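Please look through the sequence and the structure shown below before reading on. The report that follows takes up a few of its features in turn.

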Amino acid sequence: MSLSRSPSPVPGGGWASPGLTNNLSPSGRSSPTKAYAGSNGTPVMWERQKSMGGPAYQSFSTQNQGFFSRHMRRISSQLPRFKADNTHGAEREKIGQGRWSGLNMLRLGRIRGITGRMSRRTKMLLAFFLLFLLGYIIFYSTPLVYYYRRTSWLGGGQKFVIILAANVGGGVMEWKGAREWAIERDSIRNKKKYVAKWGYDLEIVDMSTKKRYAHEWRESWEKVDFVRSTLRKYPKAEWVWWLDLNTFIMEPSKSLQDHIFDRIEDVTYRDITEYNPLNISHPPADPYLDELSKSPIGDGNPNSIHLMLSQDCSGFNLGSFFMRRGTWTDHLLDVWWDPVAYEQKHMEWEHKEQDALEQLYIAQPWIRKSTAFLPQRMINSFPTGACSEKGTDPRIHYDQKDRDFLVNMAGCEWGRDCWGEMYNFRELSYYLNRSLWERFKEDLLCGIWFKLTGKKVKF
């Protein structure tokens with residue numbers, strides 16, 4: 001089939017592109033010629049360059065001059081990337097569409113690039129800081145602190161159990177109101193925070209009025225029974241610390257080990273004549289006693305101490321006391337719980353189990369040998385309203401300057417405001433134990449704001 005005219009758009013035939021133009025020879029060959037001509041018959045640029053001995057195509061090379069020319073690729077690789085999103089309506093709200101995706105960034109490569117440009121000293125300082133930060137988070141900001149402080153070879157917290165006397169469901173003498181519930185809530189929270197910080201155990205016991213035993217109402221005498229049951233429940237415990245409900249630990253940053261047990265020989269005294277509000281004659285002088293029983297300080301060995309308590313203005317105080325596991329303690333609990341003594345004396349003893357222990361201390365020399373006393377303000381400070389017949393006593397009453405360890409609002413239910421005292425000491429404990437950041441906010445920033453506006457605020 002032959003065309004009546006050439007399909008080329010160029011007058012005279014031929015195409016603008018050299019590869020489409022075939023200059024047929026008279027012999028009828030259809031192979032292309034060696035030289036290609038443009039639409040006007042002149043050789044194309046690359047053919048002319050090739051015939052002159054140069055490269056067929058012109059080369060392109062950068063000059064690598066200027067900041068952006070040298071760093072354009074690095075800068076562009078570090079810019080955030082966005083996913084393409086051509087959807088509309090509800091599809092746009094799907095997660096990851098139309099938003100910056102950090103997963104597309106080469107984080108690892110960026111970190112390597114940054115660290116690669118650091119000096120060796122900077123790397124070592126950075127590694128030390130990261131290790132310090134990791135150690136602080138693990139050992140002070142996670143539950144791990146509770147477990148490593150419980151171990152015998154690190155903290156020894158499992159050797160101590162705190163027994164807290166609570167009134168679950170109702171009061172000892174009457175049903176609880178809002179204030180009584182608030183006191184119990186604050187007291188329990190205070191003890192829970194303390195044991196969580198130092199790895200101790202907490203046993204909350206119910207001291208509400210109940211006829212637990214066959215024919216007796218032993219209100220508050222149950223301390224003896226609860227101490228015995230707690231020692232059975234916690235076989236690894238060496239010491240139990242009894243606390244009444246109306247107590248508040250003012251210095252939670254002090255552990256029992258640092259406060260008492262690591263220096264027990266220095267902070268205790270066995271000779272009751274150092275402070276003797278009951279005027280007990282000591283040591284006993286009965287002729288049948290051995291020399292150890294006649295000694296005012298016993299054997300002087302701190303390992304033989306099994307009972308530690310304090311004395312207030314009226315004698316022994318059992319709102320806060322310590323007992324140690326051992327045969328001596330088992331014997332004391334048996335004698336202390338003796339139903340015969342209870343039946344005969346419980347109507348005469350105003351302070352119940354307290355008076356019973358005082359009588360046993362006076363009558364039984366073997367009890368004196370393993371009993372030690374602590375200064376009251378070490379474990380049992382009183383507010384100014386308690387034992388205040390003779391005014392403030394530096395042996396008894398709480399002193400903010402000395403940062404006493406614990407406050408016992410003893411006797412507050414008899415004419416004093418238990419909730420008011422608990423609230424005041426709770427707020428004072430928070431104020432005294434603030435962190436540096438809390439002091440900065442409350443003392444500096446709040447002070448500046450008050451001077452500028454005349455209004456008190458809390459940040």
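## A cysteine pair across the chain

Cysteine 387 has a relative accessibility of 18%, and because the cut-off for buried is under 20%, cysteine 387 counts as buried. The model described here is a predicted one, and in it a disulfide joins cysteine 387 to cysteine 313, with an S to S distance of 1.9 Å. The pair links distant parts of the chain, 74 residues apart: cysteine 313 belongs to the loop between S5 and S6, whereas cysteine 387 belongs to the loop between helix H15 (376-379) and strand S8 (406-408).

The link between cysteine 313 and cysteine 387 is left-handed, with -70° about the S-S bond.

## The other disulfide

A search of the whole structure finds two disulfides, and one of them is formed by cysteine 412 and cysteine 418, whose sulfur atoms are 2.0 Å apart. The link of cysteine 412 and cysteine 418 is right-handed, with 100° about the S-S bond. Cysteine 412 counts as buried at 0% relative accessibility, and cysteine 418 is buried as well, with a relative accessible area of 14%.

When the bonded cysteines are counted along the chain, the disulfides of the protein follow the pattern 1-2, 3-4. Cysteine 446 is also buried, and its relative accessible area is 11%.

## The sheet around S6

Six strands form an open sheet, in which the order is S2-S1-S3-S6-S5-S7 and the pairing is mixed. Its edge strands, each of which pairs on one side only, are strand S2 (201-206) and strand S7 (371-373). Neighbouring strands of this sheet are turned against each other by 25° on average, if direction is ignored. Helix H13 (residues 353-363) packs on the sheet and touches S5, S6 and S7, and its direction makes about 75° with that of S6.

In general, strands of a sheet pair through backbone hydrogen bonds, in either a parallel or an antiparallel way. Strand S3 (residues 239-243) and S6 run antiparallel and are joined by five bridges, and tryptophan 241 stands opposite phenylalanine 322 in S6. Strand S5 (residues 307-312) and S6 also run antiparallel, again with five bridges between them. Here methionine 308 stands opposite phenylalanine 322 in S6, and serine 310 stands opposite asparagine 317 in S6.

## Phenylalanine 321 inside S6

How many of the residues of S6 are buried? The count is 10 of the 10, so S6 is largely enclosed by the rest of the structure. Phenylalanine 321 lies in this strand, which covers residues 315-324, and phenylalanine 321 counts as buried because its relative accessibility is 1%.

Leaving aside residues up to four places away in sequence, phenylalanine 321 touches Val240, Trp241, Trp242, Leu307, Met308 and Leu309. Of these contacts, leucine 309 is 12 residues away from phenylalanine 321 in sequence, yet the two are 4.6 Å apart in space, C-alpha to C-alpha.

Key: Residues are numbered from 1 along each chain as its sequence is written. This is a predicted model: local features need pLDDT of at least 70, side-chain atom pairs count only at pLDDT 80 or more; totals for chains, interfaces and linings use all residues. Side-chain values use heavy atoms; hydrogens and water are left out. Helices (H or I, at least four residues) and strands (E, at least two) are DSSP runs, numbered from the N terminus. Buried means under 20% relative accessible area, exposed over 50%, partly exposed in between (1.4 Å probe, protein chains only). Contact means heavy atoms within 4.5 Å. Two strands pair if DSSP finds at least two bridges between them. A disulfide is a pair of cysteine sulfur atoms within 2.5 Å. Axes are lines fitted to C-alpha atoms, for helices over the stretch in contact, and angles run from 0 to 180 degrees between N-to-C directions.
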